[in-house]
Each structure stands twice: as C-alpha cells, then as structure tokens.
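Hello,

Here is the structure you asked for. Please open it alongside this email; my notes follow below.

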Amino acid sequence: MVILVTINSLRNVASTSGLAIMGGTFDPVHNGHLRTAVEILDRYHYSGMKLIPCFQPVHKDRPSVLPEQRLDMARLAISGDARLSVDAREIDRKGPSYSIDTLRDLRSEIGPDESLIMVLGMDSFLSLPTWHNWQQIMDYAHLLVVSRPGWEPDLISELSGFCENYRAASSHELQCAPSGRVWFETLTPLGISSSMIRALARKNESIAYLLPEPVQKYIEQHQLYR
Ligand code: ATP
Ligand code: MG
C-alpha cells in the first residue's frame with residue numbers, strides 16, 4: 001500500500017513538471033516582471049513561463065500604447081532566455097481579458113493532468129475577489145503569489161477563507177496536482193512598476209536599468225509614453 005502510494009506520487013511529479021504563466025498589462029514589461037519569472041523558474045524548474053499580455057485590462061484604464069506595441073516589447077524582453085515565451089492569445093481574442101477564459105483555454109490545450117501555475121504579485125492577488133468568476137480559477141490552475149515591495153499580505157476576510165481552503169503545505173504540492181493550491185513566495189524585492197516607468201518617460205527622465213535595453217530603445221524609437 002505504502003509502496004503503491006509512493007510510486008503514484010513519483011509518477012505524478014514526473015508527469016506534471018508544470019507550466020507557469022504570468023498575465024499582465026506589460027505597459028511596458030520591466031525587470032520586476034522578468035526577475036519574477038526567472039527566479040521562479042530557477043527555483044521550481046517548471047517547463048517554462050508564458051507571459052500573457054492582456055488586450056483590455058478589466059480593472060485599469062485603457063493602456064496608452066497599442067496592444068501590438070506591448071506585445072513587441074514583451075517579445076524583445078524575453079529573447080535572452082529560452083524558458084520564457086510570450087503568448088498573444090488575449091490580444092488575439094480582443095475584448096475584456098478575463099483570466100478565467102485564458103486558463104480554461106490553456107487547460108484544454110495541456111490536458112487535465114499537467115500542472116498549471118498562475119504567477120501573480122501580491123497586489124494582484126489582493127484584488128482577486130474583484131475578478132470575473134474568481135472562485136473558479138482554482139479548478140484550472142494553482143496560484144503562486146510573489147512578494148512585491150509596498151504590498152503586505154493584508155487578507156480581507158474573503159481571501160483569508162480562500163487561503164484556508166487552498167493553501168499548500170509545501171510548494172511541492174503545486175507540481176503534484178494539476179490545480180487547486182495557493183503558495184506564497186518571497187523574491188528579490190524590486191520596487192519597479194510600469195506606472196513608474198511611464199511617469200519617468202513623460203517627464204523625459206531616464207528609464208535605463210529598469211527594463212531591458214532593447215525595450216528601452218523601442219520606447220525611445222516609437223516615442224511612447226511621452
Ligand atoms: P502598472 O504600474 O501599470 O500597474 P505593473 O508594474 O503593476 O504595472 P502589471 O503588468 O500590472 O505591471 O503586472 C503584471 C503582474 O506582474 C502582476 O501580477 C504584478 O503583481 C506583477 N508584478 C509587476 N511588477 C512586479 C514587481 N516589481 N515585483 C513583483 N511582481 C510584480
Ligand atoms: Mg499593476
């Protein structure tokens with residue numbers, strides 16, 4: 001019996017190395033996003049991480065640059081790391097970008113057994129109860145919540161109940177099941193945001209070293225965020 005259980009859990013680990021995704025506006029993509037992605041991949045060796053720029057953010061104003069430009073910048077940003085990819089499905093789909101639609105789509109592509117891990121910053125996690133059909137997310141994916149400077153895990157009652165239900169006992173659980181667990185991870189704190197970069201560009205101040213150089217060049221060349 002014990003041996004059977006052990007063999008089964010080993011089989012689970014082997015067959016569910018895990019696909020990580022990170023959604024966002026990426027307006028523009030920056031080193032806070034990219035360090036999050038590589039630190040998570042270095043720690044957990046998931047098969048890869050897809051950055052998924054949204055078409056129309058549900059809880060924010062319309063981005064000031066074109067969706068295709070945000071996509072171009074994301075593609076320029078990841079070119080140095082083969083584990084990272086950019087997935088254009090939300091931009092191709094158009095309309096409001098609901099994460100639940102994207103997760104449902106991805107789940108049907110990867111099948112029922114593969115582990116799917118949605119990586120999001122603490123600020124996004126705290127807004128979870130305002131997301132469209134948020135309770136269903138756990139049927140499709142795990143949530144890996146990463147620290148973000150300025151955001152404390154100040155859980156309102158809805159979220160603390162949610163964490164009680166879904167919190168994993170160890171990060172390993174996210175690779176042993178396809179979905180349904182929440183895990184919190186502390187990463188190198190980087191106080192970088194897209195809004196800060198947009199504000200600097202608007203004031204004609206340098207945005208160097210906050211984002212990859214090719215993205216900086218793209219912003220300058222296309223005179224974005226002026
Ligand atoms: P804005 O300032 O326009 O809101 P942003 O910097 O928050 O932009 P988003 O595209 O909204 O970037 O974020 C996408 C995801 O990346 C979110 O889950 C967010 O929490 C996370 N994230 C963004 N910046 C960081 C950072 N510096 N550290 C950790 N997570 C981050
Ligand atoms: Mg944000």
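An oxygen atom of ligand 1 is 3.0 Å from a polar backbone atom of F26. This distance, like the others here, comes from a predicted model. A second contact with the backbone involves L190, where a polar atom sits 2.9 Å from a nitrogen atom of ligand 1. The side chain of S195 also takes part: one of its polar atoms is 2.4 Å from an oxygen atom of ligand 1. Taken alone, ligand 1 exposes 610 Å², and the protein buries 90% of that.

Where does ligand 1 sit? The space it takes is the largest pocket.

The shell around ligand 1 has 21 residues, of which H30, D123, R148, S194 and S195 come nearest. By type, the shell divides into 13 polar, four charged and four nonpolar residues. At least two shell residues are supplied by each of these elements: the strands β1 (19-24) and β4 (116-121), and the helices α2 (31-44), α6 (122-126) and α10 (194-202).

One other residue to look at is S115. S115 is placed in the loop between α5 (99-110) and β4. Is S115 buried or exposed? S115 counts as buried because its relative accessibility is 0%, and the cut-off for buried is under 20%. The side chain of S115 reaches the backbone oxygen of L174 at 2.5 Å.

Regards

Key:
Residues are numbered from 1 along each chain as its sequence is written. Chains are lettered from A and ligands numbered from 1 in the order in which they are written. This is a predicted model: local features need pLDDT of at least 70, side-chain atom pairs count only at pLDDT 80 or more; totals for chains, interfaces and linings use all residues. Side-chain values use heavy atoms; hydrogens and water are left out. A residue is near a molecule or strand if one of its heavy atoms lies within 4 Å of it. A polar contact is a pair of N or O atoms within 3.5 Å; within protein, one must be able to donate a hydrogen and the other to accept it, and residues adjacent in sequence count only if both atoms are side-chain atoms. Accessible areas come from the Shrake-Rupley method with a 1.4 Å probe; for residues, only the protein chains shown count as cover. On a 1 Å grid over the protein atoms alone, a cavity is a set of points where a 1.4 Å probe fits but cannot get out, and a pocket is an open set with protein on both sides within 12 Å along at least five of seven lines; lining residues have an atom within 4 Å of a point. A molecule sits in a cavity or pocket if more than half of its atoms lie within 2 Å of its grid points. Helices (H or I, at least four residues) and strands (E, at least two) are DSSP runs, numbered from the N terminus. Ala, Val, Leu, Ile, Met, Phe, Trp, Tyr, Cys and Pro count as nonpolar, Asp, Glu, Lys and Arg as charged, and the others, Gly among them, as polar. Buried means under 20% relative accessible area, exposed over 50%, partly exposed in between (1.4 Å probe, protein chains only).
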